[in-house]
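Visitor: I have a structure to go through with you. Could we take it one topic at a time?
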Amino acid sequence: MKSVAMFDAKPYDREAFDRANSGRYALRYFEAKLSVGTLPLVEGCEAICVFVNDEVDRPVLEGLAARGVRVVALRCAGYNQVDFKAAYELGITVVRVPAYSPYAVAEHALALLMTLNRHLHKAAARTREFNFSLVGLTGMDLHGKTAGVVGTGKIGRVFCAICQGLGMHVLAFDAFPDAKLAGVTYVPLETLLAEADVVSLHCPLTPQTHHLMGAKAFAGMKPGALLINTSRGALVDSAALIESLREGRLGGAGLDVYEEESDWFFEDRSAVVRQDKALALLVSMPNVVVTSHQAFLTREALANIAETTLANLDDVFAGRPLVNEICYRCQGQAQAAGMDCPGRKQGRCLG
Ligand code: NAI
């Protein structure tokens, strides 16, 4: 039986994977994240399985290759943590779960929007203290307002439909617009930022999208607009975000991700001195709601993640074509755009 080292494994991962595995792999669960320091844990494993904040850079990949690991299975959709060039050069296959439940993430974006707009976080804290005052809790009708959706892939298009259900006008920006997406008007990013009352980010983190929301973008937003980020933290320049909130230009932010989240998220850090000044400031702001990268966390999504990850490993070990391999050259962009990458056709990129 092949062994798989499961890094950054939480009780909910264990439950979903044990159920989906039904004994076909020896799954070795480790609470530790993958890094150079935790490489010895992979001894005897043919594959490893990692999540969003594990380090899959060149030194780690070299360590994996030296220990005979041939496969890195990401149990997530995003893949910005991986050095694909190094993986390709070392002959390590990288597979992911491109889609598990776009509803889980889009619905969490809605939850953040509703919480922020109607100040539910403050209201719940008040009523718990028997404070029934409504002062400071005024929100806006979303009906008739404009949503700006950045990235209309699997999650973004579900969020567009949710906004349409609320009676909002939907503007979108995407590197590969989908002309068939009904009721959505594609505009340049600057127009979207200038006109949207709510901006929600649903594009991947790539060199092109790093700090997509920087000082210039915030300055171009409609005053009082709300920003929702359930995608990746580094799409947003945290310093520019804080400045825009301080100036009162941005109305509020709902953040499920944060650019330096790997040091803090997913763990109980309540007894640790809050060294990250930006994060400490953001969580203390009344018009900011932060969740700990939990948008994926539904029963349905966890089951899909486990089933697809194990099916990916089955395909690798059986030598079957890999539908969920990430190609080094296009890094998933061709697949996301519904295009065919020549590298993927051959199982891996030869570029
Ligand atoms: P997807 O690949 O289906 O869609 C991404 C869309 O972004 C595509 O339409 C693509 O054309 C567009 N895009 C790519 N580069 C762009 C650019 N430079 N500018 C504008 N648009 C661009 O991905 P999916 O499944 O919708 O996921 C989106 C992101 O959500 C993931 O990359 C991941 O980072 C994040 N995510 C977050 C989760 C959470 O728990 N918070 C869970 C799952 C995904």
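Guide: The conversation below goes through confidence, sheets, selected residues and aromatic rings.

Visitor: What is the mean pLDDT of the protein chain?
Guide: This is a predicted model. The mean pLDDT of its protein chain is 93, and 93% of the residues reach 70 or more.

Visitor: And where is the pLDDT below 50?
Guide: It is below 50 over residues 346–351. In the model that stretch has 17 contacts beyond near neighbours in sequence. Where pLDDT is low, the predicted coordinates should not be read in detail.

Visitor: On to the sheets. In what order do the strands of the 5-stranded open sheet run?
Guide: The order is S2-S1-S3-S4-S5, with parallel pairing. Strand S2 (26–29) and strand S5 (93–95) are the edge strands, each pairing on one side only. From one strand to the next, the twist averages 20°.

Visitor: How many bridges does S1 share with S3?
Guide: Strand S1 (residues 3–6) pairs with strand S3 (residues 47–50) over 3 bridges, in the parallel sense. Within this pairing, Met 6 stands opposite Cys 49 in S3.

Visitor: Which strands does helix H1 touch?
Guide: Helix H1 (residues 11–21) packs on this sheet and touches S1, S2 and S3. The direction of H1 makes about 175° with that of S2.

Visitor: Now the sheet of 7 strands. What is its order?
Guide: The order is S8-S7-S6-S9-S10-S11-S12; the sheet is open and the pairing is parallel. At the edges are strand S8 (184–186) and strand S12 (288–290), each of which pairs on one side only. The twist from one strand to the next averages 20°.

Visitor: How many bridges join S6 to S7?
Guide: Strand S6 (residues 146–150) and strand S7 (residues 169–173) run parallel and are joined by 5 bridges. Ala 147 stands opposite Val 170 in S7, and Gly 148 stands opposite Leu 171 in S7.

Visitor: Which helices pack on that sheet?
Guide: Among them is helix H4 (residues 102–117), which touches S9, strand S10 (226–229), strand S11 (252–255) and S12. The direction of H4 makes about 150° with that of S10. Helix H9 (residues 238–247) also packs on the sheet, touching S10, S11 and S12, and its direction makes about 145° with that of S11.

Visitor: Back to S6. How many of its residues are buried?
Guide: Strand S6 is mostly covered, with 5 of its 5 residues buried. In a regular strand the side chains alternate between the two faces of the sheet. In S6, Thr 146, Gly 148 and Val 150 point one way, while Ala 147 and Val 149 point the other way, and all are buried.

Visitor: Ser 200 next: buried or exposed?
Guide: Ser 200 counts as buried, because its relative accessibility is 0%. The residue lies in strand S9 (residues 198–201).

Visitor: What does Ser 200 touch, leaving out residues up to four places away in sequence?
Guide: Ser 200 touches Ala 109, Gly 148, Val 149, Val 150, Phe 159 and Ile 228.

Visitor: And where is Ala 196?
Guide: Ala 196 is in the loop between helix H7 (189–195) and S9. With 0% relative accessibility, Ala 196 counts as buried. Not counting residues up to four places away in sequence, Ala 196 touches Thr 146, Ala 147, Gly 148, Lys 222 and Ala 225.

Visitor: How far apart are Ala 196 and Thr 230?
Guide: They are 34 residues apart in sequence, and their C-alpha atoms are 17 Å apart in space.

Visitor: Switching to aromatics, how many pairs are found in the whole structure?
Guide: A search of the whole structure finds 6 aromatic pairs. One concerns Tyr 79 and Phe 84, whose ring centres are 5.9 Å apart.

Visitor: Why is the pair of Tyr 79 and Phe 84 edge-to-face?
Guide: The ring planes of Tyr 79 and Phe 84 stand at 75°, and planes over 60 degrees apart count as edge-to-face. Tyr 79 counts as buried at 7% relative accessibility, and Phe 84 is buried with a relative accessible area of 3%.

Visitor: Which rings are linked into a cluster?
Guide: Phe 51, Phe 266 and Phe 296 are linked into a cluster by ring pairs.

Visitor: Last one: which ring does the charged end of Lys 2 sit over?
Guide: The charged end of Lys 2 sits over the ring of Phe 317, at 5.1 Å from the ring centre.

Definitions and conventions:
Residues numbered from 1 in each chain as written. Predicted model: local features only at pLDDT ≥ 70, side-chain atom pairs only at ≥ 80, totals over all residues. Heavy atoms only, no water. pLDDT = per-residue confidence, 0-100. Contact = heavy atoms within 4.5 Å. Pairing = 2+ DSSP bridges. Helix = DSSP H or I, 4+ residues; strand = E, 2+ residues; numbered from the N terminus. Axes fitted to C-alpha atoms, helices over the stretch in contact; angles between N-to-C directions. Buried < 20%, exposed > 50% of the residue type's maximum accessible area, 1.4 Å probe, protein only. Phe/Tyr/Trp six-rings, centres within 6.5 Å; stacked < 30°, edge-to-face > 60°. Lys NZ or Arg CZ within 6 Å of the ring centre and 35° of its normal.
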